Amino acid sequence: MTTMMRLLTSSSIRKASTPTLRFFTPSTTRGAAAAGAESTPAAKAVVPPPPAPAVVPPPTAKTGAGLFQRLSSFLVGAGLSALVSQYYIYQELQDGNSKILKKQRDIEGRLYQLEKK
């Protein structure tokens, strides 16, 4: 346990730093204004309600995703990205091959025209 945690959990700090909450509602401010100067300053002060007991949530057995869930999520993501990458690479190869074949046909046509002369 670190020194800061010891300081924050010490009982002397918890006793000395109890927060006081003041709730101001329209009914209390109207009542104080209606009473006016007849009431004393002590009567105008709003008494804070007693602090509510601290509610500690029950400890949970497990937080976050397990190893199998993380591994399966990784594999699904890697598989999907591989499929998308393969599709784009395939499209690039198809476009490149069609351009090369077109250029090859043009060259063969020109060569045929030259040989014909």
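Me: In this predicted model, why is L75 called exposed?

Reply: L75 has a relative accessibility of 51%, and since the term exposed applies to values over 50%, L75 counts as exposed. This residue lies in helix α5, which covers residues 67-116.

Me: What makes L71, F74 and L75 a nonpolar patch on the surface?

Reply: A patch takes residues with over 30% relative accessible area and no salt bridge, and it joins nonpolar side chains, Leu and Phe among them, within 5 Å. L71, F74 and L75 form such a patch, and together they have about 330 Å² of accessible area.

Me: Why is the pair of Y87 and Y88 called edge-to-face?

Reply: A search of the whole structure finds 1 aromatic pair. The ring centres of Y87 and Y88 are 5.7 Å apart and their planes stand at 65°; because rings pair when their centres lie within 6.5 Å, and planes over 60 degrees apart count as edge-to-face, the pair is edge-to-face.

Me: What pattern does the chain follow along the sequence, and what share of its residues is buried?

Reply: The chain has 5 helices and 0 strands, and its pattern reads α-α-α-α-α. Buried residues make up 0% of its 117 residues.

Me: Where is confidence lowest in the chain, and where is it highest?

Reply: Confidence is lowest in helix α3, residues 26-35, at a mean of 52, and highest in α5, at 96, while the chain averages a pLDDT of 77.

Technical notes
Residues are numbered from 1 along each chain as its sequence is written. This is a predicted model: local features need pLDDT of at least 70, side-chain atom pairs count only at pLDDT 80 or more; totals for chains, interfaces and linings use all residues. Side-chain values use heavy atoms; hydrogens and water are left out. Patches are made of residues with over 30% relative accessible area and no salt bridge: like charges are joined within 9 Å, nonpolar side chains (Val, Leu, Ile, Met, Phe, Trp, Tyr) within 5 Å. Accessible areas come from the Shrake-Rupley method with a 1.4 Å probe; for residues, only the protein chains shown count as cover. A salt bridge is a side-chain nitrogen of Lys or Arg within 4 Å of a carboxyl oxygen of Asp or Glu. Helices (H or I, at least four residues) and strands (E, at least two) are DSSP runs, numbered from the N terminus. Buried means under 20% relative accessible area, exposed over 50%, partly exposed in between (1.4 Å probe, protein chains only). Rings of Phe, Tyr and Trp (its six-membered ring) pair if their centres lie within 6.5 Å; planes under 30 degrees apart count as stacked, over 60 as edge-to-face and the rest as tilted. pLDDT is the predictor's confidence in each residue, from 0 to 100.
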